[in-house]
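Here's a quick walk through one model, from its charge pairs to its surface. Have the sequence and the 3D view open as you read.

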Amino acid sequence: ADSLNAAILGPDADEGSETYDLFLSDVVRDITQKTGQKCTAIRRIFVPTERIDGVLADLADRLGACRVGNPATSGVTMGPLTTRAQLDSVRAGIEALVAAQGTSVLLGGSEPIDGLGSPAGKGFFVRPTLLLCKDLSQAHPVHHREVFGPVATVLPYSTSAEAIQGVRSGGGCLVTSVYSDDRKFVPTVAMGIGSYLGRLFIGSSKLSGQSPGPGTVFATMNHGGPGRAGDGHELGGTRGMQLYMQRCAVMGYKPTIEGLLPAGRASK
């Protein structure tokens, strides 16, 4: 299943603030870590409309510094995709998103490249790719096609309601992150999107310098999500056992029912 995970930058997270820097770091890490080949990677980035230009410039600056190539080569910060089929899929996905009305490439793209430390024409390399969809009414492809590689799309929003609807349009995801210290914005968004997620990550100034990021899942956390995310609970402690269990209600004479259960387990 697909998981079009999202990141939402709150209107209060000003440029240069700890929360803003956390947002940039998490987004860049999620786009490039494992060359974007992880189910919790950020695919959609919601940014206040009036902040678009600054955010795009900052993300492009950091992603543009990424050096793609053989991971054994000094200085390389992002390796190849896993297979030729995966490379073809990522290129086709980028082209399909860009073909949609209102979406453009800001950085990277589907063109083949040679990786540092790799022979020319060899290896399954692609650049970190940042797209922009200017019009939310034209964002249907972005909400319905996951490109399983280092690819994410920036989408503008004007109100918390637009951000909420944007996340919901993905049809269910594993994780969404909200970067804000606003005590009104965060609860509003959390309540609006919670039922569409397996996990919500709230990035704030309090987590600056110590956050593992939204892509990190701990063993006792819920790891699954509704709808397109697959509805699984692969981790989550004892919750993970529910995948292998079926409840059955048994009705009958009490002593008979009690005899079916281990001593001390029968309920009144």
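## Salt bridges

Asp30 pairs with Lys38 in a salt bridge, 2.9 Å from N to O; the term asks for a side-chain nitrogen of Lys or Arg within 4 Å of a carboxyl oxygen of Asp or Glu. Lys38 counts as buried too, because its relative accessibility is 7%. A note on the source: this is a predicted model, where local features need pLDDT of at least 70, side-chain atom pairs count only at pLDDT 80 or more, and totals for chains, interfaces and linings use all residues. Residues are numbered from 1 along each chain as its sequence is written, and side-chain values use heavy atoms, leaving out hydrogens and water.

By that rule there are 5 salt bridges. One of them joins Asp2 and Arg228, with the closest N and O atoms 2.8 Å apart. Asp2 sits in the segment before strand E1 (5-9) and Arg228 in the loop between E7 and H7, so this pair ties together parts 226 residues apart in sequence. (Helices, H or I with at least four residues, and strands, E with at least two, are DSSP runs numbered from the N terminus.) Asp2 is partly exposed at 29%, and Arg228 is partly exposed at 23%. Glu146 and Arg43 also meet in a salt bridge, at 3.0 Å from N to O. Here the loop between helix H4 (140-144) and strand E5 (151-157) supplies Glu146 and strand E2 supplies Arg43, so the pair ties together parts 103 residues apart in sequence. Both Glu146 and Arg43 are buried.

## Two positive phi angles

Lys34 isn't a glycine, yet its phi is positive, about 55 degrees. Thr35, also not a glycine, has a positive phi of about 55 degrees. Lys34 is found in the loop between H1 and strand E2 (42-48), and Thr35 lies in the loop between H1 and E2. Buried or exposed: which is Thr35? Thr35 is buried, at 5% relative accessibility, whereas Lys34 is exposed, at 57%.

## One face of H5

Helix H5 (residues 160-168) has Ala163, Ile164, Gly166 and Val167 as its buried residues. Looking down the axis of H5, these fall within an arc of 160 degrees, so they line one face of the helix; the arc is that of the directions from the helix axis to the C-beta atoms.

Conventions: Buried < 20%, exposed > 50% of the residue type's maximum accessible area, 1.4 Å probe, protein only.
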